[in-house]
Each structure stands twice: as C-alpha cells, then as structure tokens.
Amino acid sequence: MDTLIFGGLLATMLAVYRLSSRMVVLGAWFVMLAAVILLMAHHITGGLGLKLSY
C-alpha cells in the first residue's frame, strides 16, 4: 500500500518538476487522492473483518 502511494506521489512530483500543464498535475493529484481513499477503506474494512477493534 505504501509503495503505491509513494509511487503516485513521485509521479505527481515529477509532473510538477517538468512544468507539465495544470490539468496533468491536478489529474495526477486526484488519481492519488482516490487511490489513497480506496486503499484506506480496504485497510480499515480488512482489519474489521479480522475482528480488530479501533
């Protein structure tokens, strides 16, 4: 999970560094936001399925 998040952040950083268009940077940022939300939802519900309490 961490590898996917860091990889996406690196890709977003490279888009900013290369002075890509604003749409490319925003698109990469929103894709990363969606990936983080989905991965966190999977992580939380997986923990609950194991009868862990928070």
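What percentage of the 54 residues in the protein chain do buried residues make up? Buried residues make up 13% of them, where buried means under 20% relative accessible area, exposed means over 50%, and partly exposed lies in between (1.4 Å probe, protein chains only). This is a predicted model, in which local features need pLDDT of at least 70 and side-chain atom pairs count only at pLDDT 80 or more, while totals for chains, interfaces and linings use all residues. Residues are numbered from 1 along each chain as its sequence is written, and side-chain values use heavy atoms, with hydrogens and water left out.

View 1. Helices (H or I, at least four residues) and strands (E, at least two) are DSSP runs, numbered from the N terminus. The protein chain exposes about 4,600 Å², and carbon and sulfur atoms supply 76% of this area; accessible areas come from the Shrake-Rupley method with a 1.4 Å probe, and for residues only the protein chains shown count as cover.

**View 2. Thr 12 is a buried residue of helix α1, which covers residues 2-17.** Thr 12 counts as buried because its relative accessible area is 10%. When residues up to four places away in sequence are not counted, Thr 12 touches Val 25, Ala 28, Trp 29 and Met 32, a contact being heavy atoms within 4.5 Å.

**View 3. Trp 29 and Phe 30 can be viewed as a pair of rings.** A search of the whole structure finds one aromatic pair. The ring centres of Trp 29 and Phe 30 are 5.1 Å apart and their planes stand at 85°, so the pair is edge-to-face. Rings of Phe, Tyr and Trp (its six-membered ring) pair if their centres lie within 6.5 Å, and planes under 30 degrees apart count as stacked, over 60 as edge-to-face and the rest as tilted. Phe 30 lies in helix α2, residues 22-49, and Trp 29 counts as partly exposed because its relative accessibility is 47%.

**View 4. Leu 26, Trp 29, Phe 30, Leu 33 and Ile 37 form a nonpolar patch on the surface.** Together these residues have about 510 Å² of accessible area.

**View 5. Val 36, in helix α2, is shown with Ile 5.** The C-alpha atoms of Val 36 and Ile 5 are separated by 6.8 Å, although the two residues are 31 residues apart along the chain. Val 36 counts as partly exposed, because its relative accessibility is 28%.

Methods. Patch = residues over 30% accessible without salt bridge, like charges linked within 9 Å, V, L, I, M, F, W, Y side chains within 5 Å. Salt bridge = Lys/Arg side-chain N within 4 Å of Asp/Glu carboxyl O.
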